[in-house]
Amino acid sequence: MTRILVAGETLVDFIPDAPGPLASVEAFSKRAGGAPANVAVGLARLDADLDFWTRVGDDAFGDFLVETLEREGLGGDRVEQDPDAQTTLAFVSLGADADREFSFYHDHTADTRMEPGTIDDAALADYGWLHLDVLSMDTEPSRSAVLDLAERAGDETVVSFDPNSRPERWGEFSYVESAKRGFELADVVKATPEDLREAGFEGDAPELARELCSFGPHTALVTLGDEGSYAYATADAPWADEETEVRHPGYPVDPVDTTGAGDAFTSGAIAALSSGESLDEALAFGNAVAATTTTEPGAMTALPTRGEVAAFRDE
Ligand code: ATP
């Protein structure tokens with residue numbers, strides 16, 4: 001089985017108890033979150049062989065996150081607790097039109113202090129798949145930490161990258177420049193059309209995917225909300241003998257909460273591709289994992305097990 005390393009932030013999401021503008025929310029519930037953490041927990045529930053490298057504060061919120069990750073089998077040395085920094089907090093609102101507002105408490109927090117070189121070459125060579133997220137690149141030294149991993153990953157390691165655009169998070173560095181640097185280093189990119197347009201690309205999913213692959217990746221996975229997902233792979237992709245395009249329409253569900261659906265898709269697609277499944281199956285499986293997630297509230301808590309995905313697909 002391919003060993004996978006996911007690296008990046010874990011944070012506490014504060015979810016509103018009622019919809020409405022962030023300024024008007026009176027009560028929030030605490031949830032473990034962060035895109036890389038969601039992907040890691042998603043993979044763990046799908047029985048992948050993985051490590052998750054992250055860093056939280058040595059504070060009550062950090063303890064909560066460490067316990068949450070341990071319950072998913074993601075404890076150990078790679079989950080660092082920083083004695084000199086606090087845990088990142090994110091307050092989220094849910095508008096009537098399902099638009100979310102975010103307020104991040106993220107200055108000099110523990111996850112931004114992930115250090116380049118922490119994982120040495122010998123340890124890195126053990127992983128056949130490395131998954132990274134652009135959000136770690138919004139400040140230093142975490143920016144260098146993830147770039148260093150991608151730059152040192154050998155030819156045998158598939159590097160996947162999520163250019164999660166969160167305009168609230170960018171100031172010190174440019175999102176466009178950071179996303180494009182990630183594209184240059186990645187083999188597989190999972191993105192929404194909005195992420196790619198934010199990076200300056202134009203057109204529909206096939207055009208966006210082709211422009212993305214011109215930066216270096218051999219595979220573009222584009223998620224399309226309730227319309228499922230689209231993939232484009234060049235002949236360099238291990239799962240394509242020639243230039244390939246695949247679409248999967250997704251699964252009809254009555255969504256309760258789509259937060260984290262993209263991360264759920266990523267975990268499903270990585271689980272499939274890293275175990276030798278086809279690109280068609282990766283889209284179908286990713287869509288099934290994501291659609292299942294939308295039928296329950298919460299992002300991380302709603303991530304399904306392999307058995308739950310199989311039962312959902314049988315229905
Ligand atoms: P998020 O930011 O909420 O994590 P995203 O914007 O990154 O999500 P989307 O393209 O909205 O990503 O959704 C990811 C995947 O989730 C889709 O490809 C699809 O499989 C599934 N999905 C999302 N919304 C729905 C829906 N309403 N019905 C069925 N499946 C959905």
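Mentor: Ala, Val, Leu, Ile, Met, Phe, Trp, Tyr, Cys and Pro count as nonpolar, Asp, Glu, Lys and Arg as charged, and the others, Gly among them, as polar. The model is predicted, so local features need pLDDT of at least 70 and side-chain atom pairs pLDDT 80 or more, while totals for chains, interfaces and linings use all residues. Residues are numbered from 1 along each chain as its sequence is written, and side-chain values use heavy atoms, leaving out hydrogens and water.

Trainee: How do the residues of the shell around the ligand divide?

Mentor: The shell has 6 nonpolar, 9 polar and 3 charged residues.

Trainee: Which residues come nearest to the ligand?

Mentor: A residue is near if one of its heavy atoms lies within 4 Å. Of the 18 residues around the ligand, Thr223, Gly225, Gly228, Thr258 and Asn287 come nearest.

Trainee: Which elements give two or more residues to the shell around the ligand?

Mentor: Helices (H or I, at least four residues) and strands (E, at least two) are DSSP runs, numbered from the N terminus. Those elements are α8 (261–274) and α9 (279–294).

Trainee: How many salt bridges does a search of the whole structure find?

Mentor: A salt bridge is a side-chain nitrogen of Lys or Arg within 4 Å of a carboxyl oxygen of Asp or Glu. The search finds 16. Arg169 is in the loop between β9 (158–162) and α5 (175–185) and Glu9 in the loop between β1 (3–7) and β2 (11–16), so the pair ties together parts 160 residues apart in sequence.

Trainee: Which peptide bond is cis?

Mentor: The bond from Glu140 to Pro141 is cis, with omega near 5°. Pro141 is in the loop between β8 (129–133) and α4 (142–152).
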